[in-house]
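Let's take a friendly walk through this structure, starting with a helix and the parts around it.

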Amino acid sequence: MLPTHLALHHINPARAAPPRMGLFDSLREAAREVTVQHILVSKQADALEIYDALLAEGATSEAVSKVASERSLCGSARKRPDAKLAQLRGKPGELRFRRGSMDPEFQRAAFEAAPGTLVAPFRSQSGWHVMLVNE
């Protein structure tokens, strides 16, 4: 048994309060950017078909690029690595953004998934999305 003066400093991890987010943590999180590739379609059935096909292929960035350039309704599907305009440069379907700059459902999916995750189809105001979180 611990002496009384030492027992007072013992913290049970199961009962400890979660650490508070400090000011710098809040600022870092607000400035954090995420990079995703997505495919926008108008029908849930199309999104499910694309999702299943990408899972079967291994859900790589190259596979998402191919499908985005063939089927996505979003202007980001026209991006190319060698484009002269910065807005059109990148992988097909690629977007990089911070919190507060996108549709809430789109933003939630992007920031809650770990890098490398193929996010299951979800709906936003724009339509149905399949998303690969790159970083």
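The buried residues of α4 pack against β1 (33–41), α3 (44–57) and β4 (128–133), where contact means heavy atoms within 4.5 Å. Helix α4 itself covers residues 61–71, and its buried residues are Ser 61, Ala 63, Val 64, Ser 65, Val 67 and Ala 68. Here buried means under 20% relative accessible area, exposed over 50%, and partly exposed in between (1.4 Å probe, protein chains only). Helices (H or I, at least four residues) and strands (E, at least two) are DSSP runs, numbered from the N terminus. An α-helix has 3.6 residues a turn, so residues three or four places apart point the same way.

A word on the model: it is predicted, so local features need pLDDT of at least 70 and side-chain atom pairs count only at pLDDT 80 or more, while totals for chains, interfaces and linings use all residues. Residues are numbered from 1 along each chain as its sequence is written, and side-chain values use heavy atoms, with hydrogens and water left out.

Now for the rings. The structure holds 3 aromatic pairs; rings of Phe, Tyr and Trp (its six-membered ring) pair if their centres lie within 6.5 Å, with planes under 30 degrees apart counted as stacked, over 60 as edge-to-face and the rest as tilted. Phe 97 and Phe 106 make a tilted pair, 5.8 Å centre to centre with 45 degrees between the planes. Phe 106 and Phe 122 have ring centres 6.1 Å apart and planes at 55 degrees, so this pair is tilted. Because Phe 106 lies in helix α5 (residues 104–112) and Phe 122 in strand β3 (residues 118–123), the pair ties together parts 16 residues apart in sequence. Phe 106 is buried at 3% relative accessible area, and Phe 122 is buried at 13%. Ring pairs link Phe 97, Phe 106, Phe 111 and Phe 122 into a cluster.
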